[in-house]
Amino acid sequence: MACKEASRGAIAEEGVVAANPGEASSDADLKVRSVDFKVLESMLHQDNGKTYVVNFWATWCAPCVKELPHFEKLNEQYAHQNVEVILVSLDFPKMLESQLIPFVKKRNLRSEVIHLNDPKQNTWIPKVSQDWSGAIPATVIYKDGQRKFYERSFTYNELENELKPFLQ
Amino acid sequence: MKIHSTLIAVISVLALSAFTNDLDKGYQVGDHAEDFSLMNIDGKMVSLSDFEAAKGFIITFTCNTCPYAVAYEDRIIALDQKYKGKGYPVIAINPNNPKAKPGDSFEAMKTRAAEKGFTFPYLFDDGQKVYPRFGATRTPHMYILQKTEDGLQVKYIGAIDDNYGDADAVETRYVEDAVDALLDGRPIEVANTKAIGCSIKV
């Protein structure tokens, strides 16, 4: 939890969003931030020595939901190695309150969940990766200038194996 | 030391992407497309060569279950209504394996087509042989083909328009712009676009 709060503070320092460490832990008033790509882009390029695992998913995407526990486990197991998972939901904006937030509560997701609300997909998809066709699930792992993109599903072991080179 | 390891990482990423590019990714704009024969929801086999009067095709890889595909159903019907008479009918193909996604079974396709009143063939890619040839990766995924003297040429690959969530907020209609350009004999300005969609279920 300490790591997570620290990272929120770090984002706030860049002027992207105000830190609100209590946000994720208080279920009753759980909020998921809905951002456009400009805001998300800064989260995809944080040059701070931390390894970020950014997963693009949606509540209606079965293979995405299937692999979510692996990302949650990774976030927990590798927090002490300066790794943070960010779950970027592509749920429809009108589903934010009815679908996404109840899902995050029910699954008790501990990784940071961001809702990307930016219809100009042809503009932002290539900025995430030139190799991304737009299918989800998709994942970016990066640390400073080192970066890999995956348009595929993962098992926990596969995810761990992809993460390890970033930790050396 | 840090520079050294970064360099190795960059080289390995480059090597990997070079390898990926060597794999067959399907049709690119400008490629020629092979015809196919797939079963329509009415039980009849459909090939592109059956459409003698067509100037080309608006092919959509779509399905019953993907919310993005569903969000575009009405716009696909509108495309067929607008362009079938002008020589560019819509041909919809469901690429999903029903074993992986029961809601995309042949029976479910019939039901969905009836509910929505599809005005175009809705074909089942039985055995999943056709979508890899195209290089489709998601639903919905659009391909515009034009009949030329030496066969069917791929003219456009990508999204339908630039706003999946709100048809009224669309600013650029990529597919319409591309078909209009073909009908007018103009070059297509935007021939490749990307959009979020559901991965094809194998």
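These legends describe close-up views of a predicted model. Local features need pLDDT of at least 70, side-chain atom pairs count only at pLDDT 80 or more, and totals for chains, interfaces and linings use all residues. Residues are numbered from 1 along each chain as its sequence is written, while chains are lettered from A and ligands numbered from 1 in the order in which they are written.

**View 1. Chain A has 6 helices and 7 strands.** Helices (H or I, at least four residues) and strands (E, at least two) are DSSP runs, numbered from the N terminus. The order from that end is α-β-α-β-α-β-α-β-α-β-β-β-α. Of the 168 residues in chain A, 35% are buried (20 or more other C-beta atoms within 10 Å of the residue's own, with C-beta atoms placed from the backbone).

**View 2. Helices α3 and α6 of chain A cross at roughly 45 degrees.** Their axes (lines fitted to C-alpha atoms over the stretch in contact) come within 9 Å. Angles run from 0 to 180 degrees between N-to-C directions. From α3(A), A:H70, A:K73 and A:L74 make the contact (C-beta atoms within 7 Å). From α6(A), A:Y156, A:L159, A:E160 and A:L163 take part.

**View 3. B:M45 lies in strand β3 of chain B.** This strand covers residues 45-46. Why is B:M45 exposed? B:M45 is exposed because 11 other C-beta atoms lie within 10 Å (the cut-off is 12 or fewer). Leaving out residues up to four places away in sequence, B:M45 touches B:S37, B:L38 and B:M39.

How values were computed. Two residues are in contact if their C-beta atoms, placed from the backbone, lie within 7 Å.
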